[in-house]
Each structure stands twice: as structure tokens, then as C-alpha cells.
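Please look over the sequence and the model shown here before reading on.

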Amino acid sequence: MEEKMLTVYEQMQSRGYSRRDFLRFCSWMGALIGVEATGLARVVHALETKPRVPVVWFHFQECTCCSESFIRSSHPIVADILLDKISLDYTETLQAAAGKQAEEALHATMKKYKGEYLMLCEGSVPTEADGVYCCIAGRTALDIVKEAAEGAKAIVAWGSCASNGCIQGAKPNPTGATPIHKIVTGKPIINVPGCPPIGEVMAGTIVHLLAFDRIPQLDGLGRPKAFYSRRVHDTCYRRPNYDAGLFVESFDDENAKRGYCLYKVGCRGPVTYNACGVMRWNNGVSYPIQSGHGCIGCSEANFWDNGPFYQHLASFPGFGIETTADKIGVAVGAATLAGMAAHAISTNIRKRHEIKKDQNEQDKKGGA
Amino acid sequence: METVSIRRYYVWQLPVRVYHWVNAVCVTVLCVTGYLIGSPLALQSSSEASFGYWFGTVRFVHFVTAFVFFFNFVGRIYWGFAGNSYARWNNFLVFRKSQWREIIEVLKVDILQAKAQPLESIGHNALASLTYFLTFIAFLFQCMTGFGMYAAMSDSWLPQLFAWIVPVMGGDFAVRQWHHMAMWFFIIFSFIHVYLVFYHDYVEGRGVLSSMVGGWKFIEKEKGKN
């Protein structure tokens, strides 16, 4: 471990990047996190002068797709600097150290930079059976999270696992997979959901923390507003087809070839908050809808339980997998109409008596 | 021959009647457009998207109607404090024992088709009161979930009041699902409501069907003491 904390700029210099590269990086990041042109100087200044923030990056119940996404974020320096250097202190997947050394590095960072380090978490934390479903160095993830969160300045929950439980948290959730924000209280927690989140979104969140030294603006679910304030649907290039009522009916029809809206084949774009439609994936090449497949809503809580994916309405709990609220509604409606018809018939039979009685009385009166 | 003398009571004031019919139109429009939003028609069209906006229009109508529905509902709540004794808010809370007796009485008439005894109530009967109280809860739920979803695409202050419902219910998907299921409550309610109004008019002969147009109900005199 280095003794003196270098700034991001100093580290880039030591790795042979020029001033121009650095400024390009800053403008890129500034654009990502949405600062105005006039605010760019602040980003540059911060990355030049502030010593790098010590970072520990944990992996719990997850598949490492968040890390994979992060190291593929479009600007190479992002991965190079932010991951290779910034989170050198502890990250199971990429660190050179293993076993005892790794644990020592973690504890040294946590001790030396108490209250200063950033805690990045990938994966959910199992809580069933005292958390034995995920253990690192003989300790449960639950213990580790609680201990590390204690001295953390802020926590970033990477991916859907850490921010809403993702697949591990799907019913019946045998391990009791729990997102970080339900375990840790009293610390600023930034949720960056997605399976995985977009690499640039992850980088942007980190740069915001580095440059402004405070957490970005968050929405009601703790997600950075810069990336999660709009639905995939609202930024979708197929949106005009939706408004025009042009829908794909099945994946092999003419409408699918024409690139119509995938709403009716289960696209979750209208209920999913993410930046996919704007930033896209793999250096802005594409995103699911552009490739002809509906969004599955991977950045939304419970997306795995809201199936089937290829159906607009979820199946109704307690009924068969194909049974939507509409089918049940139609059945109840039909039963109601049938009941009403039967009721009307018996009412009429009954009323006939009364009318007859009345008629008789009137006749009697007339006859008298 | 027994003679029943009838007294005419002015029960539903104009604001109540206006509310009722505005509400009826809104609920109908909201259910139709809402159902279409959930399951849009299949169009086989080769025209460019820029030539059409029908689905956008359906949604627009849904949203505008939702605002009308909401403020109509707010107006009715106000009238629950300003209106006559049949419109008052406490009609919709059935806590009295006599009201529960009447509920059983009405159920006997409605379901077991027992011979209709003239009811105590001149305005809503107790079962109707209870049902309308539940529909008010459903109105509120539908406004909260609907405006909650709408909040993300609006700067208007009203939807923002309900934005908190989305995180509480665990995301837009769940909110949409519940909003959609509640639509079926409105549909089924409308069926039963319309049928029962016809039915009661048919067996009671108190003019309940026309009362929502003219405001008058015709009550047997010996019952009209209260």
C-alpha cells in the first residue's frame, strides 16, 4: 500500500497519461454526471487536488456482472484509474493479494481511514440461518457489512442484488437475501440498481463522490437522479410507435420487423427507471429494446417475481402462471352478469304475484 | 284495498346529482381507456409512427379524466360537510346498531329476495352507505396509485403529492399492477350498482332510479317521520 495518498491526477501522471488525457477524462465524467460546462472546473480541480478516496469493494451474493460492466465502461481511464487504483485497497475479484494479506489490507484500510473510506458493495447479504450462506474468511457477509459500514463515509450498493435483492431475493428467497439498505442504517447509501448497472453510470456515481465529496441527488428509492429519474420508456427510440399505437404482437410478426413498440410482448420499459435508452450498452452500441427484445426491468425491485417476462400483466398471485388480473376480472364480471340475470328472473316471478294481487284488488274495487 | 300514502322527499341536492353523473362518466371513460392502455388493440398498419397518435390520445384522455375524477371527488367530500343530511359525511360511516340491522334487512331483500319491508333510511340505505364508503377508499387508492405513476412524467404539484406511493409499493410495476386490478373493482361495482338500483326501484317503488335525476324520492308516509 502507498503511504501518501495521491490525487487522481497524480496517479494518472504516474501512469503516463498526459494533461490532455486528464482533461478529456474530466469532461467525459462531467458530461456523465450532468454538470454544466461552468461546473467542469470544479471536477478538474477536485481530481487534481483531493487525495484519492480509499475504497473497499465487497462481493457477496452476486455474479460479478457489476464489476464486469464497470471495467468495460467506455472510457478506458475510468476502469484504469477508478478500479485499478482507487479500489486497490480491497476488492476480492481483482486484487493481487489473497487470504491473510487480503484480510490485512482490508482491516488496515478500515482502521487507518475510519470514517473516510467508501464502501462499495456488490451482491445481497443472506440473513437466513445466521447468514451462513455467504462467508468470507470465516465470517458471514452480515458481520462484514455491519463492521465495514461502521467506519464508512458512504456506501454504494452496486447492482440490483445490493440495492433490491435481485434474483437471490426472488420468491421464495431461501437464503433470506437482503439488500444493503435494509441492513445498514444511519449511513448515506446510494443504490445503483441494474443487472448489471451500466458501466458509465457506475463510473459517474464514483466520480460524483470524488469530485463533489458528497452524495449525488437521490430519488425516493435512493438512486442517483442523474441516471434513474426517467423510465427506459421515456427515452426509448421506439416511443413514437407506442404513442401511435403500433405494437409488436409476437416476435415473428411483421410489426417486429418494422421495429414497433414491444409493450404488448412484455417490455418493462414503462415501469423501469434507468438510463439504458440514453447511454446504451457496450460503448453506446445498443440496448435490449434496440436489439428487438423487451426490457425485463432488471433495475427494478422484484423484477424476477413480476413475470412472465413476455406478458404485459403479471400473473395473478395464487392462480395459474398464465392467469392475469384481466382474465380473473372477466371471469368475475361474467359470473356477476350471470348472477344478475338469475336474480332478475326470480325477481320477476315474485313481482308477478304482487302485480296480480294488486290487479285483483283493483278489479274488486271496480266491480263493487 | 289498502291505501299507501306517499310523501315526496327532496333527497339528492343538485351538487350530489352533478357529482354522481360526472363520476359515472369519469369512471366509464377511465375504465375504457384504462383497459385499452393495459391491452391496446392490435393494429396491422404499415404507416410511419409519425402519422398516428391514437394511443397517446387514449392516454391523454385517461389522464385528463383522472384530474376531473379527482376534483369531482374532492368536491363531493366538501359537500359531505356542506350538503343536506342525506349528503353528510356521517352517512357513510355505519357504526350504529340500527344501521347493521338495516344492512341485514337489505341483504335479505337483495339476496334472499325476501319481501321488501319499507326501510328506515330515506337517503342511502345502510348497505349502500357501507359500499359507497368502500368505493371512496377505492377512489382514493386509484387516485394515489394513478397519480403516483403519473408523477414521474409531470411537474404538476398534484401528482407529486402521491409520488411517495411508488417506493412504498416497491416500484412502478407493482403500482401499475394494483392500479389495474382495482379497475376491475370499478367495473364489477358498476354492474352491481346499476342492477341493484333497477332492482330496488322495481321492488320498493320509491323512485330511487329517477331520484338521481330529479332529486325526489317517494317514501311511505308512516315511515317519513324521521
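## The second largest cavity

The second largest cavity has a volume of about 80 Å³. A cavity here is a set of points on a 1 Å grid over the protein atoms alone where a 1.4 Å probe fits but cannot get out, and its lining residues have an atom within 4 Å of a point; the volume is the space filled by probe spheres set on the points, which are joined across faces, edges and corners. Among the residues that line this second cavity are H233(A), C236(A), R238(A), R239(A) and Y263(A). Sorted by class, its lining holds seven nonpolar, two polar and two charged residues, where Ala, Val, Leu, Ile, Met, Phe, Trp, Tyr, Cys and Pro count as nonpolar, Asp, Glu, Lys and Arg as charged, and the others, Gly among them, as polar.

This is a predicted model, in which local features need pLDDT of at least 70 and side-chain atom pairs count only at pLDDT 80 or more, while totals for chains, interfaces and linings use all residues. Residues are numbered from 1 along each chain as its sequence is written, chains are lettered from A and ligands numbered from 1 in the order in which they are written, and side-chain values use heavy atoms, with hydrogens and water left out.

## The largest cavity

Two or more lining residues come from each of the elements α1 (14–38), α2 (54–82), α4 (126–150) and α7 (172–204) of chain B. By class, the lining of this largest cavity has 20 nonpolar, nine polar and four charged residues.

## Chain B as a whole

Chain B has eight helices and two strands, which are DSSP runs numbered from the N terminus (helices H or I, at least four residues; strands E, at least two). Along the sequence, they follow the pattern β-α-α-α-α-α-α-α-α-β. The C-alpha trace of chain B spans about 75 × 35 × 30 Å along its principal axes, and 49% of its 226 residues are buried, meaning under 20% relative accessible area, with exposed over 50% and partly exposed in between (1.4 Å probe, protein chains only).

In helix α1 of chain B lies L14(B), which is exposed, with a relative accessible area of 51%. H59(A), by contrast, belongs to strand β1 (residues 55–59) of chain A and is buried at 7%. The C-alpha atoms of H59(A) and S124(A) are separated by 8.7 Å, although these residues stand 65 residues apart along the chain.

Definitions and conventions. 1 Å grid on protein atoms, 1.4 Å probe; cavity = no way out; pocket = protein on both sides within 12 Å on 5 of 7 lines; lining within 4 Å.
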